[in-house]
Amino acid sequence: MEVNNSEGGGGSPETPATENMTSISHHYFGDSNGSDDAISITVIESMKEDYGLFVWPCSIILAEYVWQQRSRFQGVNVVELGAGTSLPGLVAAKVGADVVLTDDSDRLEVLDNMRRVSELNNIKCEVMGLTWGVWDESIFSLRPQVILGADVLYDSSAFDNLFATVKFLLEKSPGSVFITSYHNRSGHHLIEFLMVKWGLKCVKLLDGFSFLPSWKASGLSGNIQLVEIVPSDVAKN
């Protein structure tokens, strides 16, 4: 069973999928033999370079983590930041979380795709424009217990705005946690510096491939880590 089974991207030049540079991918969660509790998420992807509409390895890894921790997400308020194709958030919603999918307020095509994908999977998610570091009305309405972010640590110029947003949301919801997966391009020390700067701390750090099923891991590559982050004044259990 494949993790990403694209359809429409390799058709003839006359096919609508090719003309629009879009494809459909299917993502499976559960054992490779299709257990009774397994789920499938269908995602609409776009090859356009300026869109965040491609399912990157970090998204697959974070979505798998949500699936394996699914009992933790049932009935929980979840916000996904920089959601793009929204795979982790869609999995969280599928297993019983109340999910708000967010991306930059100016990326209207991405926000519209989130709505389309939610409808495609028969999942009820709220879609919201949320620009990191901008304190508009939308962010004040959020009370997440879990914040998700897949590959949101890729543009160093946006790091401070991201962590300012995360810190604000964590402080609004005592007991909440930020779970993110990222390519370890610059070393975890950069993340540690940002956490100290913004009064946050790591409570769990995992190799992204350590919990990924082998039939998924075989199709991915990279040095990917997953971290859980909380305010630094939160005591360890």
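Predicted model: local features only at pLDDT ≥ 70, side-chain atom pairs only at ≥ 80, totals over all residues.
**Exercise 1. Compare Ser-86 and Asn-122: what is phi in each, and is each buried or exposed?**

Step 1. Ser-86 is not a glycine, yet its phi is positive, about 70°. Ser-86 sits in the loop between S3 and H4. With a relative accessible area of 1%, Ser-86 is buried.

Step 2. Asn-122 also has a positive phi, near 55°, and is a residue other than glycine. The loop between helix H5 (108-120) and S5 holds Asn-122. Asn-122 counts as exposed because its relative accessibility is 74%.

**Exercise 2. Work out the strand order of the open sheet of seven strands, and name its edge strands.**

Step 1. Pairing comes down to counting: two strands pair if DSSP finds at least two bridges between them. The order is S5-S4-S3-S6-S7-S9-S8, and the pairing is mixed.

Step 2. Strand S5 (126-129) and strand S8 (200-207) are the edge strands, each pairing on one side only. Neighbouring strands of this sheet are turned by 20° against each other on average, direction ignored. Axes here are lines fitted to C-alpha atoms, for helices over the stretch in contact, and angles run from 0 to 180 degrees between N-to-C directions.

Step 3. Now check the pairs. S8 and strand S9 (residues 224-231) run antiparallel and are joined by seven bridges; Leu-206 stands opposite Leu-226 in S9, and Asp-207 has Gln-225 as its bridge partner in S9. S7 and S9 are antiparallel too, with six bridges, and Phe-178 faces Ile-229 in S9. Strand S3 (residues 77-80) and S4 run parallel with four bridges, and Val-78 has Val-99 as its bridge partner in S4.

Step 4. All eight of the eight residues of S9 are buried, and in strand S4 (residues 98-103) five of six are buried. Helix H2 (residues 57-68) packs on the sheet, touching strand S6 (146-150), strand S7 (177-183), S8 and S9, and its direction makes about 145° with that of S7. Contact means heavy atoms within 4.5 Å.

**Exercise 3. Describe the surroundings of Ile-179.**

Step 1. Ile-179 is part of strand S7 and counts as buried, at 0% relative accessibility.

Step 2. Leaving aside neighbours within four places in sequence, the contacts of Ile-179 include Leu-62, Tyr-65, Phe-73, Ile-147 and Val-227.

Step 3. Ile-179 and Ile-229 are 50 residues apart in sequence, but 6.4 Å apart in space, C-alpha to C-alpha.

**Exercise 4. Characterise the largest pocket: what are its volume and its lining?**

Step 1. The search uses a 1 Å grid over the protein atoms alone; a pocket is an open set of points where a 1.4 Å probe fits, with protein on both sides within 12 Å along at least five of seven lines, and lining residues have an atom within 4 Å of a point.

Step 2. The volume is about 490 Å³, taken as the space filled by probe spheres set on the points, which are joined across faces, edges and corners.

Step 3. Of the 21 lining residues, Gly-82, Asp-103, Arg-107, Asp-151 and Tyr-154 lie nearest the centre. The lining divides into nine nonpolar, six polar and six charged residues. Here Ala, Val, Leu, Ile, Met, Phe, Trp, Tyr, Cys and Pro count as nonpolar, Asp, Glu, Lys and Arg as charged, and the others, Gly among them, as polar.

Key: Residues numbered from 1 in each chain as written. Heavy atoms only, no water. Helix = DSSP H or I, 4+ residues; strand = E, 2+ residues; numbered from the N terminus. Buried < 20%, exposed > 50% of the residue type's maximum accessible area, 1.4 Å probe, protein only.
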